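Please keep the sequence and the 3D view at hand as you read.

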Amino acid sequence: MRIQLGVIGPSDSVELVKKAAEHFDNIDVLPFVYKKLEETVALIEENKHRVDQWFFSGQAPYHYALAKGIIEEKEGSYAPVNGISLYKTLLEAQVKENKIFSTMSLDSIQDDELKDIGETIPTFQLYTLPYTGYLPPEDLIDFHVQLYREGKTEVAITFIQEVYFELKALGIPCYRVTPGIPSIRLMLQYLKEYCLSQWYKKAQTAILGITVFDSTSSSDESFYTYKRRQQELELQRILLHYAELVHGSFQQIGDDHFYIYTTRGEMDLHFGDNSLHQLIEDTKLHSNLQINIGLGYGLTALEAEQNVRLAFRFARRYDKPVIIQVNEDKTVTESLQTNEQVSYNGRTLGDQWKETLKNANISPAVVGKIQSFAQHYKKKTVTALEVSQWLKGTERNARRILTELEKLNLAEVTGEEQSGYRGRPRKIYALKL
C-alpha cells in the first residue's frame, strides 16, 4: 500500500517535507505550492480525490482549511514547531545582524514552548502573540509593526511566510521559523501508521443484515401466499441492486432474513450518503414491506456475523424501521428514520465505574445507553417515563433502574412531577453519569 500525501504550503516548506519524506519508501508526495494562504481552498478542492492525507506547512493553513470546512481534523496534520526550530532562527538572526537582540516580537508559538525558552534564555524580552486555530496574516503583521514602531522590539520572528515578506517590505528586521527535518519525519511516521490503520480498518468484514418485520394477513390464503411472494421477489431485487452498489455478496438466510457481505470501507463510502435510510424507503415504496437493518463489523467473518445478530436483538425493541450498527468493540449505534443517532457501548463504561457496577443489578450496557440518550437530548434530569421510552421497556422497570442508580450514587432524587393521572407523582432524578 502506498500513501498519497498531499503537501500544501509555501515552496520552501514543501521542499522541506519532500526531503523528509525521502526517508519513507511507501509515501508518495504530491506537492501543492501557494503564494497566498487563501489559495489553500482551491488546491484542496481540486485535488482531494488524489490525496489520502494532507500535510500542511504549519498551523495557519491547517486551521484555515478546517475553518473553511474543506477538510476534517482526521484528514490532515502539520509538524508543530518546537523550541529547537526557534533557537535556530534566533541564532541566524543574531549572526546575520551581527548583534545580540534583547527585545523581539514573536507570533504563533505556544505558551509551553515559551516557558522553556524563557527559563533557558532569561535575558530576552519577548512580546508574544500565541494563538490556537487560525488568525489572519493582517493581524499578525499589525502586531509586529506596532511593537517595532513604538520602539519596543528590535526584530520580529514569525512562522508565516506572508507575514515575513510583508514585514521585510516595510523595512522591519524579520526572520521566519520553519519546522526541522526531524520534527517533520516524526509527524510523517505518525501519518504513515495512521493511514495503515485506516486501510486495515476499511478492509474489515462488514455484514449488512436485513430482516422483514411487517406481517401481512389476509382471509384469502392463496392471495396472501402469491402476494407475499411477489413482495419478497421485489425486496430481493432491491437488495441485489444495493449489494452491487457496495460490491458485496448477497445471500438469503431463511425466510425474511438476508445478508450482504462486504467491507467496512464500502459501507463507510455509501452509508454517509444516507443510503441505508433510502434503502428502507425504497423497500416500503416498491414492495410494501418494512425492514430493519443490522450492520455488524468484525476482524473476522464470525465476529461480524455475531455483531449483526446482536444488532437484530436490539432492533426487536422498535416497532418501526431502525438501523443498528455494532462495531468490533461492541459500540452500538441506533439510527431512526428521523436521522437521530445514539451510540453507546455494551461492553464497558470506563475504569471510573467498573468497581461501582461490579455488584450492581443493572448491566453496563443499560447505564451506557441512558448516558448516551441523556447526552443526545441534553437532559440532566429524567423521570422513569423518559427512561422507559429510551430503553423501549416498561415504566416499572425504568423505576427499578433509576432506584439502582440512586443506590450507586449515579443519580439522586431532586423533585417530583404530577403525571396527570391518579396515583403518586413521578420522581425526578438528576443523573450523575
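How many nonpolar, polar and charged residues does the lining of the largest pocket have? By class, there are seven nonpolar, four polar and ten charged residues in that lining. Here Ala, Val, Leu, Ile, Met, Phe, Trp, Tyr, Cys and Pro count as nonpolar, Asp, Glu, Lys and Arg as charged, and the others, Gly among them, as polar.

A word on the source: this is a predicted model, in which local features need pLDDT of at least 70 and side-chain atom pairs count only at pLDDT 80 or more, while totals for chains, interfaces and linings use all residues. Residues are numbered from 1 along each chain as its sequence is written, and side-chain values use heavy atoms, with hydrogens and water left out.

**Pocket and cavity**

The largest pocket holds about 850 Å³ of space. Its lining counts 21 residues, and Asp 52, Lys 74, Glu 75, Gln 198 and Lys 202 lie nearest the centre. The largest share, six residues, comes from α8, while β3, α8 (181–202) and α10 (264–271) each supply at least two. Helices (H or I, at least four residues) and strands (E, at least two) are DSSP runs, numbered from the N terminus.

The structure also holds one cavity of 30 Å³ or more. Ser 13, Val 17, Phe 55, Phe 56, Ser 57, Ala 79, Pro 179 and Ile 184 line the largest cavity, a set with six nonpolar, two polar and no charged residues. Both α1 (11–21) and β3 (53–56) give at least two residues to this lining.

On a 1 Å grid over the protein atoms alone, a cavity is a set of points where a 1.4 Å probe fits but cannot get out, and a pocket is an open set with protein on both sides within 12 Å along at least five of seven lines; lining residues have an atom within 4 Å of a point. Volumes are the space filled by probe spheres set on the points, which are joined across faces, edges and corners.

Asn 98 and Asn 288 each have a positive phi although neither is a glycine.
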